[in-house]
Every structure is written in C-alpha cells, then in structure tokens.
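Please read them with the structure open beside you.

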Amino acid sequence: MKRPKSLAMLVMSVAAASLALAGCSATTSSSGSGSTAEAGTSVAGAPSWCGPKKISLGLLDGFGGNSWRLVTTAAGADEAKLCPSVTSYEYADGQGDTQKAISDIQGMVAKGVNALVVFPDAGQAMLPALRSAYKAGVVTVPYRVDPGGKDGVDYDAWIGADFVTDGKNWGNWLKTNLPDGGNILFISGPKGNSQAVDELKGMKTVITDSKYVFIGETPEVTNWDPALTQQVLTADIAKYPKIDAIVSDFGPSLVGALPAFAKSGRSVPAIVTSDGNSLGCFYTDNSAANPDFKLMTVATGNDNVRLAVDYAVAKATGGVLPTDTVFKAPAFEDSVSGKPSAVQCKKDLPGDIYLSAKMSPADQAALLKK
C-alpha cells in the first residue's frame, strides 16, 4: 500500500490550502452563554446550514496519522469551503497524545476560533477540554467517538455514527456465513473508545450462541494505526492457532499483516470490517488461494466529518441546523452475496483511498500525491 512520505506535513498543507480566505473574523460566537448567531438564515447560493455570520473554524484530530484521517480532513475542509461565511480554517493533529489533543483545543480557544469540530479519540479524557471550550463561548462539536457528557451542557452536539447497527450487520453476516460458530478476533482503536463499545454491543445482540467465542482482548487495541495493527495481528496469528473471523473497524490497516496467515500455513479467515481500496485489492489478488477468505464491509465513514462541519457552521453562523445528528454508514461490499456490491478494487489508484467516500477516487488519489 503506497503511503505519503510525511502524512503530518500533508495534513497541514491540506488545512492551509483548503480555503480561499477572505481574512479571519474577529467576531465571537458564544454557545455556552447562549449568544450564538440567530439560527435559520442562509447565505444565498450556499447550503442551508451556511448562515451569514463570519466565523473561523477549527478541525482537530486526536490522531491524524493514517490515510483515513487524511481523506477525512480533506473532506471536512471541502465541506467548510461550501460556506463563504467560514473565513478562516485551521487544523490540529493530536498525534495520539491525549495531552497534546487537549492543548490543541485550548490553543484554538485562546486564538479566538469561533467553532471547533473535534475527533475526540481519547474518549472521556477529552470531556473537560470540550466543556471548557463550550463554556468559553466556542461552538463545540465532537464527532464519531463519544466523549461522554451531554448536548447543550458539555458541548453543542455530539455528531455520532450508528456503530451499533454496524455491529449488528457484522454479527448477522457472521451468523449466516459461519453457521457452525468459531473464534472471533475483534480489533479496534484506542482502549475504551466508544466506537468499539457500540460495535461490540451491536454484535452481541445478535451473536448470542456460545459456539461463537471472542478471543484475545476485546477489542485488541491498535489506535487505528496500520503499523501497530500489523504488530498486534501478527502476534495474534502466532498466539491463536484457530481464528475463524476477524472484525475490524479500520479494514485497510489489516492488509500488512494478513500475509502472516500464509506464512503459518493457514488461510486468511472471514473478515468483516470497513472498506478501503487496499483491502479490496488484497481480496481480489488473494481470495483464490485462501478458501476461508470471505469479506464484508461497511462504508468507512469519512463523511461523518461533513455532518459535523455542517452542524458546527450552522450553529456558529446562524444557518439552518441539520435535522440529523447521527451519521449512518451503509453496508458496502459482500464477497458472498454481491449485495449491495461485490468487492471493489481500483488497481490503477493508490491503496489508501476509500471507494465509499463522497470524495471521488481520483480526487483522493491526487490528494495523496501532494
């Protein structure tokens, strides 16, 4: 899988170049004090969520070090660019360090940024910083990972994703395609992240028979980092002689480790996960030699950030708030049924793209070449 030489520099350049800026607004948007821009007015020619008040917007990651975050960051910047009232845009990468992620929030608040969209990778450890930003009058919108707390008390709104349904979809697929049960290895991000908690909850509502056994730490902790995922999965392959299925909420991170099955004389097992071009192409190239290798994916969810940006910008500029506050990722590929799609692979494009994303494959590829 081809990867950028310096992902951190790429992310910074995307953030810097994403908007044609008219200048930084000095106007303060106050959510905690209840003095946000008056809602319900849209700028002519812009989306309904784009109101007339000029604002600055910050997008913050707890960990930005993989291709999914790079594409997601670009998607967030593209979405913000649709609103001319966003006159300044900044990005910060916590680099997997909770204290840095907290400092990034505090730094943007100190600069006077009007609205923050935050991927709170560390979960509840981020809640005090989010609450502080909200109480300081900054429109604060965490998304995807649940930091705890309540809408309107600790932040404006959490824009979550329906991970319970993902877990149910995975569980139902496993029951259908592994009717005799088996050992299931579940791999996810940081320890205790809400995404994994909800996915496991969904799976366990449908996988209730004792013939299905979750092995290892549930989930195995990888921080959604491909290098760490490779270390963890390689160790698990050596440790567990029987792995019948792998569940992962970041499928492309598995690719580097899957050849270890062949080295140990075993077939790649069934995999339920999120999509990625590298994974689809790995399946295309290796399924014939691996009789147990079946693949089901859900959309990887890059566009969760778009909904979060829409909400934050609407709240801060006085636009029309989105009616939905939950991102729903549809099922994407199924190598068995072919519905809603067979496994997809674009070999002429980089592995680090996501064919389920709104951003076109060609635009994602161009982004990775910068």
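1. Helices α3 and α4 are roughly parallel to each other, a description that covers angles under 35 degrees, whereas angles over 145 count as roughly antiparallel, 65 to 115 as roughly perpendicular and the rest as oblique. The angle at which helix α3 (residues 98–111) packs against helix α4 (residues 127–135) is about 10°, and their axes are 9 Å apart. Axes here are lines fitted to C-alpha atoms, for helices over the stretch in contact, and angles run from 0 to 180 degrees between N-to-C directions. Helices (H or I, at least four residues) and strands (E, at least two) are DSSP runs numbered from the N terminus. On the α3 side the contact is made by Ile102, Ile105 and Val109, and on the α4 side by Ala129, Leu130 and Ala133, contact meaning heavy atoms within 4.5 Å. Six of the residues in this contact are nonpolar, with no polar and no charged ones; Ala, Val, Leu, Ile, Met, Phe, Trp, Tyr, Cys and Pro count as nonpolar, Asp, Glu, Lys and Arg as charged, and the others, Gly among them, as polar.

2. A word on the basis of these values: this is a predicted model, in which local features need pLDDT of at least 70 and side-chain atom pairs count only at pLDDT 80 or more, while totals for chains, interfaces and linings use all residues. Residues are numbered from 1 along each chain as its sequence is written, and side-chain values use heavy atoms, with hydrogens and water left out.

3. Val153 sits in the loop between β4 (139–144) and β5 (159–161). Leaving aside its neighbours within four places in sequence, Val153 is in contact with Arg131, Tyr134 and Lys135. Between Val153 and Lys135 the C-alpha to C-alpha distance is 8.7 Å, although the two are 18 residues apart in sequence. Val153 is partly exposed, at a relative accessible area of 40%, where buried means under 20%, exposed over 50% and partly exposed in between (1.4 Å probe, protein chains only).

4. How many salt bridges does a search of the whole structure find? The search finds 13, a salt bridge being a side-chain nitrogen of Lys or Arg within 4 Å of a carboxyl oxygen of Asp or Glu. One of them joins the side chains of Asp61 and Arg69, at 3.3 Å from N to O. Asp61 is buried, with a relative accessible area of 5%, and Arg69 is buried as well, at 2%. These two residues and Asp121 are linked in a network of salt bridges.

5. Within helix α3, Lys100 and Asp104 lie four residues apart, about one turn of the helix, and they form a salt bridge whose closest N and O atoms are 3.1 Å apart. Lys100 is partly exposed at 28% relative accessibility, whereas Asp104 is buried at 15%.

6. Another salt bridge is formed by the side chains of Lys191 and Glu217 (3.0 Å, N to O). Because Lys191 lies in the loop between β6 (182–188) and α6 (194–206) and Glu217 in strand β7 (residues 212–221), the pair ties together parts that are 26 residues apart in sequence. Lys191 is exposed, at 67% relative accessibility, and Glu217 is partly exposed, at 38%.

7. The structure holds two disulfides, each being a pair of cysteine sulfur atoms within 2.5 Å. In one, the sulfur atoms of Cys50 and Cys83 are 2.0 Å apart, and the link is right-handed, with 70° about the S-S bond. Cys50 is in the loop between α1 (7–17) and β1 (55–61) and Cys83 in the loop between α2 (67–81) and β2 (86–93), so this pair ties together parts 33 residues apart in sequence. Cys50 is buried at 0% relative accessibility, and Cys83 is buried at 1%.

8. The other disulfide joins Cys281 to Cys345, with 2.0 Å from S to S, and is right-handed, with 95° about the S-S bond. This pair links distant parts of the chain, 64 residues apart, with Cys281 in helix α9 (residues 277–286) and Cys345 in the loop between β12 (331–334) and α11 (361–369). Cys281 is buried at 12% relative accessible area, whereas Cys345 is partly exposed at 25%. With the bonded cysteines of the chain numbered in sequence order, the pairing is 1-2, 3-4.
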